[in-house]
Amino acid sequence: MEGTTRADGLLAQLTLEEKAALTVGRDAWTTVAIERLGIPSVWVSDGPTGLRKLRSSDDMSLTNTLPATCFPTESALAASWDVALVEEVAGAIAAECRAEGVGVILGPGINLKRSPLAGRNFEYFSEDPVLSGRMAAAFVRGAQARGVGACLKHLVANEHETGRMYADSIVDERTLREVYLRPFEIAVREAGPWTVMASYNRLNGEYCVESRRLLREILVEEWGFDGIVMSDWLAVNDRAASVAAGLHLQMPGSPTAPAVVAAVREGRLDEARLDELVRELLVFAERATAAGAEPAPAPDLDAHHRLARRAAAAGIVLLKNDGPLLPLAEAGDGVALIGAFAREPRFQGAGSSQVRPTRLETLHDELPHGAYAAGYADDGASDPGLLREAQEAARGARVAIVCVGLPESHETEGVDREHIDLPAQHTALVEAVLDVQPNTVVVLINGSAVAMPWAARASAILEAWLGGQGGGGAIADVLLGRVNPAGRLSETFPVTLADTPAHLDFPGDGDGRSHFTDRLFTGYRSYDARGIEPLFPFGHGLSYTRFEYSGLRVDGLTVALTVANTGERAGAEVVQLYVRERAPRLRRPDKELRGFAKPVLEPGERRELSFRLEPRDFASYDTRVAAWRTDSGEFEFLVGASSRDIRLRETVTLELPDSLPVPFDRLTPLRDWLADPATRERIESAMAGVPLLSAALDSPMIAAFVADMPIAKLVILGALDEPELGELTALANRAS
Ligand code: BGC
């Protein structure tokens with residue numbers, strides 16, 4: 001690792017007190033410097049929607065921040081399905097960090113959207129681990145290429161806000177590996193983040209900040225992470241225990257360093273473990289300062305604003321477009337603009353990601369319109385007068401644009417939502433306008449899925465998310481057709497809350513434990529498995545043009561196809577590749593996203609796309625051998641425009657690398673011994689001596705009954721003795 005030799009030299013010169021001091025923040029946002037050895041302090045800032053730099057490093061307030069470009073929240077960015085765009089946005093955020101001397105941006109957030117109720121969903125990418133991981137890797141690459149470290153947060157199973165500082169997420173190992181750790185693993189392996197943030201919560205009874213298994217065995221030893229892990233703010237409970245577990249940096253500053261010194265002196269903490277972390281902290285500090293050594297040019301805030309608007313437009317999802325009503329044939333007098341969000345937009349999430357924008361566009365300013373009506377009051381009180389005004393405006397227009405969504409009081413860090421409804425007065429407004437104006441476009445401004453009981457009545461629905469400071473212009477661009485919508489849902493929109501995968505166990509019983517009983521079946525995996533029709537499926541989104549898919553060809557692990565724009569406008573399509581294992585040895589979801597691409601095509605243009613998959617894309621985590629397993633066999637490749645709009649499919653037989661065999665032991669069922677040529681004959685002859693078992697040799701019914709019997713029962717039945725069982729086990733394990 002670069003800087004290791006220098007770090008070793010420095011480490012040797014540090015006193016125990018200095019080493020302990022380096023593992024605890026100096027204040028709210030900076031690390032400790034040791035001036036006598038030239039070890040610098042590094043400034044870290046939120047993240048992830050833009051730079052949230054406090055004016056002073058000891059200020060933990062939410063608002064006393066410097067202006068910065070407010071980009072769309074992660075929900076919106078992920079809906080673009082555009083890794084290059086996410087990389088560009090992260091690069092722009094990093095440029096603003098560099099100009100302010102910030103070495104690490106505290107993002108991206110890559111917890112999964114296990115339930116639409118999670119208060120912080122706006123700040124996370126997706127319900128799908130692969131989409132989240134790829135987006136996260138793009139963010140990391142974009143920031144780090146500009147010399148600013150990224151921070152994957154929050155490791156791990158921090159999927160709800162309720163009791164977040166003490167909640168215990170109960171997650172089984174397979175689910176953890178395949179779902180909740182997966183985005184972290186993808187981003188660590190693909191992009192090498194400088195930092196990771198360990199979450200507040202416990203995982204299966206152990207605080208994540210105190211889990212050596214998580215912080216060293218998985219993160220460092222398995223995945224090769226070579227950065228540092230910091231705690232979420234105030235997540236540490238016992239500093240010595242978290243040092244022993246591998247948590248490099250406690251944040252924010254705290255008077256805990258003497259406890260680390262005492263633990264070493266009293267023999268409770270091995271100094272070698274402290275040294276290991278300090279060496280890595282020194283390498284990190286050098287990385288951050290080397291990257292920041294070149295003078296940073298002043299960021300081009302105009303260009304960043306334009307990028308924020310482009311990114312917001314890229315994430316807008318056209319959910320419905322009957323008629324088609326959109327794009328608007330003309331703007332101006334015939335357009336009634338309704339809803340206070342058009343004039344005072346909600347454009348970002350609430351909490352630690354909140355940025356002070358450099359400017360703010362509103363739809364009211366950006367969309368030429370006739371009448372305007374607020375429709376609902378800021379305070380959420382119902383107001384029949386406002387509804388009447390809105391109806392009047394809508395009635396006199398050719399088309400009504402109604403902006404509704406979730407105010408901060410419904411969606412914020414630290415608190416989960418209680419339902420997925422819009423505020424009552426927003427729903428009342430939509431219904432009132434629909435009563436008088438058939439040509440109504442509903443524009444949704446929210447960070448996560450909402451219910452839409454009126455969806456069938458609205459001609460057009462646009463999901464605009466929390467679009468950042470350029471969100472108002474972005475909505476106008478899509479309504480007017482200056483931008484052809486190409487956003488696709490990165491989360492399923494359910495009809496009702498009861499349809500959601502974690503409904504019965506989110507956030508838990510109220511005893512501080514949250515059982516992830518939905519297991520592998522997050523998002524669309526659950527709707528597929530339970531045969532539930534979502535309101536709008538994962539991956540869904542319409543365009544002002546049409547795309548045709550053809551010519552699917554699978555050659556080994558490479559999948560190719562052609563997509564053509566057969567409409568009249570240029571546009572981008574999000575082509576999604578799902579994989580299904582036909583006869584999985586371990587039960588698994590019906591299909592899982594394994595690739596996506598977003599070609600931009602002129603009218604009439606065709607493009608050949610190809611996806612190269614890895615054996616890991618076909619693997620499941622087998623807890624019996626604590627490893628990923630692949631099984632050769634039949635796999636179906638499904639290519640579509642959403643998880644429910646599969647356009648092409650092909651089944652092939654794949655030869656995949658051999659996995660670790662599951663060892664035979666006394667609980668291995670007879671079925672497996674009989675299937676193994678090395679043991680079959682001896683098992684059959686042992687069975688022949690026992691009437692119950694010999695019947696199985698010629699009765700399919702009894703055979704089925706016996707097949708599942710552990711071999712140890714043959715000892716109980718007197719058909720085998722212990723030494724014979726030992727011999728057979730050795731034989732089977734040698735042969736397989
Ligand atoms: C949040 C983190 C954030 C940190 C610093 C915590 O409450 O969970 O995401 O980076 O505060 O603001």
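User: Which residue stands opposite Thr558 in β19, and what makes β18 and β19 a pair?

Analyst: Asp555 stands opposite Thr558 in β19, in a predicted model where local features need pLDDT of at least 70, side-chain atom pairs count only at pLDDT 80 or more, and totals for chains, interfaces and linings use all residues. Residues are numbered from 1 along each chain as its sequence is written, and side-chain values use heavy atoms, with hydrogens and water left out. Two strands pair if DSSP finds at least two bridges between them, and β18 and β19 (residues 558–565) have seven, in the antiparallel sense.

User: Why are β18 and β24 said to stand at the edges of the sheet?

Analyst: The open sheet has three strands in the order β18-β19-β24, with antiparallel pairing. β18 (547–555) and β24 (606–612) each have a single partner strand, so one side of each lacks a neighbour in the sheet.

User: Why is α4 called oblique to α5?

Analyst: The axes of α4 (residues 83–99) and α5 (residues 129–145), which are lines fitted to C-alpha atoms over the stretch in contact, come within 7 Å and cross at roughly 40°. That makes α4 oblique to α5, because angles under 35 degrees count as roughly parallel, over 145 as roughly antiparallel, 65 to 115 as roughly perpendicular and the rest as oblique.

User: Which residues of α4 and α5 meet?

Analyst: With contact meaning heavy atoms within 4.5 Å, Val83, Val86, Glu87, Ala90, Gly91, Ile93 and Ala94 in α4 meet Arg134, Met135, Ala138, Phe139, Arg141, Gly142 and Ala143 in α5.

Technical notes: Axes fitted to C-alpha atoms, helices over the stretch in contact; angles between N-to-C directions. Helix = DSSP H or I, 4+ residues; strand = E, 2+ residues; numbered from the N terminus.
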